[in-house]
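I opened my notebook to look up a few charged pairs, a helix end and a pocket. Here is what I wrote down.

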Amino acid sequence: MSESTSALDSAQLHAELDTIFDEVLNDLTDLVAIPSVAWPSFDASRVTASAEAVAALAEGLGLEVEILTAEQPDGTNGYPAVVASIPAPEGAPTVLLYAHHDVQPPGREEDWETDPFVATRKGDRLFGRGAADDKAGIMVHLTALRLLSDRLGVGVTLFFEGEEEAGSPSFRNFLETYRQRLRSDVIVVADSGNWAAGTPALTTSLRGMCAVEFEIATLDHAVHSGMYGGLAPDAMLAMTKVLASLHDEHGSVAVPGLHRELETDIDYDEATLRGDSGVLESTELIGSGTLASRLWTQPAITVIGLDIPDVAVSSNTLQSSLKAKLSIRLAPGDTPASAVRAVEDHLRANLPFGAQLRIVETEGGSPWRADEADPVVRTARQALTDAWGTESVTMGIGGSIPFITDLLEVFPEASILVTGVEDPDARAHSANESLYLPDFKAAIVAEALLLQRLGSTQ
């Protein structure tokens, strides 16, 4: 076996990482300082600045880097992505390393204990927007390559997206446009998490999602609630009845036709789940089946928007029509199209008082389940175990990564691995987002082991 593919062990890589870790944290701190929110209401130049900063880090490793865009469905250019590559040695696979450099909006400043765009270390945690989701993912990829250097043994393509938190509107077109540059045998999506701080996990299932907006109308115009209340059914009454029909008395989704599985291979401890989710001690958990299945393999429906008058400006009026928006999470095995049909059929079947309904789908993404018999999955799990020194587990995620379906459709022969640095207290998308540094270091070592082993097995 050549020097470039000779076996590396976890202890050696951890020791090498320790010598450069302060530099890695400085680079991550610089990335966190850029408020790269890819939403129309934010400054797009900051996303460009973020792409340029990420590109500079990749160039510092000797890679030839491009900043690329693709058209969104409306014909405008999407936000910039960073792409770079290292050719594969003869007979070796190519691995696509994905992460995203855009971040969620910071939310209310008063909810943060630190400045969201100033990476702040407190003990073993680094606080800041994007510190975990997903600028840490970028640093995992770059630092693993830095550690391996000429010991890499595989081809690598870096793909650092710039609009994931905005729903990846140009993602599919980006894959089609740059298909040859992105073609790979293994795809590592570093945008998930671990079972707990100190316990590594490979994500092997993701719920899909779709969203619908609908409007219920009962009157052709609003009228005085004193004059006609008790006779004319207002839209609010009809809406509350329809929304109440979406769940049964236990809080389980009551829409026929949505796929569900009640069991999972591993399960949550209830006390841990309550602590992670912030459910009040007096609040009962909803649903049935194992706790993990309620998050990973069963559907969920949430009312995320309702257009009604605010209490401060409300009047004695029967509302003629109301709009609502539902977020629907789909269990693996379902499809967005099937779920939207099931929800629409249910809404129409439960409309009271002859009310009228208008409904439209606003977004959708398919669920995903990995093939755990894939040798690449087994190699990844062993790399996680070795890097953490703790047996890795496979787990599902209640959230969605809709572009996984696009990756599978464009690169159907590729093995997909979903990894990450988050832990249940990382609070991604929330105030006080943070990165648990011991797991960050272990994730870097695990990826270096994975890449080196993928090369040495060819």
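I began with Lys325, which is partly exposed at 23% relative accessibility. I noted that this is a predicted model. Next I looked up the partner of Lys325: a salt bridge joins Lys325 to Glu213, with the closest N and O atoms 4.0 Å apart. Glu213 sits in strand β9 and Lys325 in strand β13, so the pair ties together parts 112 residues apart in sequence. Glu213 is partly exposed too, at 36%.

Then I turned to Arg172. I found a salt bridge from Arg172 to Glu176, at 3.1 Å between the closest N and O atoms. Why can these two meet? Both lie in helix α4, 4 residues apart, so about one helical turn separates them. In general, an α-helix has 3.6 residues a turn, so residues three or four places apart point the same way.

I also saw Arg172 meet Glu409 in a salt bridge of 2.6 Å, N to O. This pair links distant parts of the chain, since Glu409 is in helix α12, 237 residues from Arg172. I recorded Glu409 as partly exposed, at 48%. My count of salt bridges came to 20.

Next came helix α8. I found Asp269 capping its N-terminal end, with a side-chain oxygen 3.3 Å from the backbone nitrogen of Ala271. After α8 comes Gly278, with a positive phi near 80°.

Last, I checked the second largest pocket, with a volume of about 230 Å³. Among the residues closest to its centre are Asp265, Arg369 and Glu372. Strand β16 gives the most to the lining, 3 residues. By class, I listed 4 nonpolar, 6 polar and 5 charged lining residues.

Methods:
Residues are numbered from 1 along each chain as its sequence is written. This is a predicted model: local features need pLDDT of at least 70, side-chain atom pairs count only at pLDDT 80 or more; totals for chains, interfaces and linings use all residues. Side-chain values use heavy atoms; hydrogens and water are left out. On a 1 Å grid over the protein atoms alone, a cavity is a set of points where a 1.4 Å probe fits but cannot get out, and a pocket is an open set with protein on both sides within 12 Å along at least five of seven lines; lining residues have an atom within 4 Å of a point. Grid points are joined across faces, edges and corners, and a volume is the space filled by probe spheres set on the points. Helices (H or I, at least four residues) and strands (E, at least two) are DSSP runs, numbered from the N terminus. Ala, Val, Leu, Ile, Met, Phe, Trp, Tyr, Cys and Pro count as nonpolar, Asp, Glu, Lys and Arg as charged, and the others, Gly among them, as polar. A polar contact is a pair of N or O atoms within 3.5 Å; within protein, one must be able to donate a hydrogen and the other to accept it, and residues adjacent in sequence count only if both atoms are side-chain atoms. A salt bridge is a side-chain nitrogen of Lys or Arg within 4 Å of a carboxyl oxygen of Asp or Glu. Buried means under 20% relative accessible area, exposed over 50%, partly exposed in between (1.4 Å probe, protein chains only).
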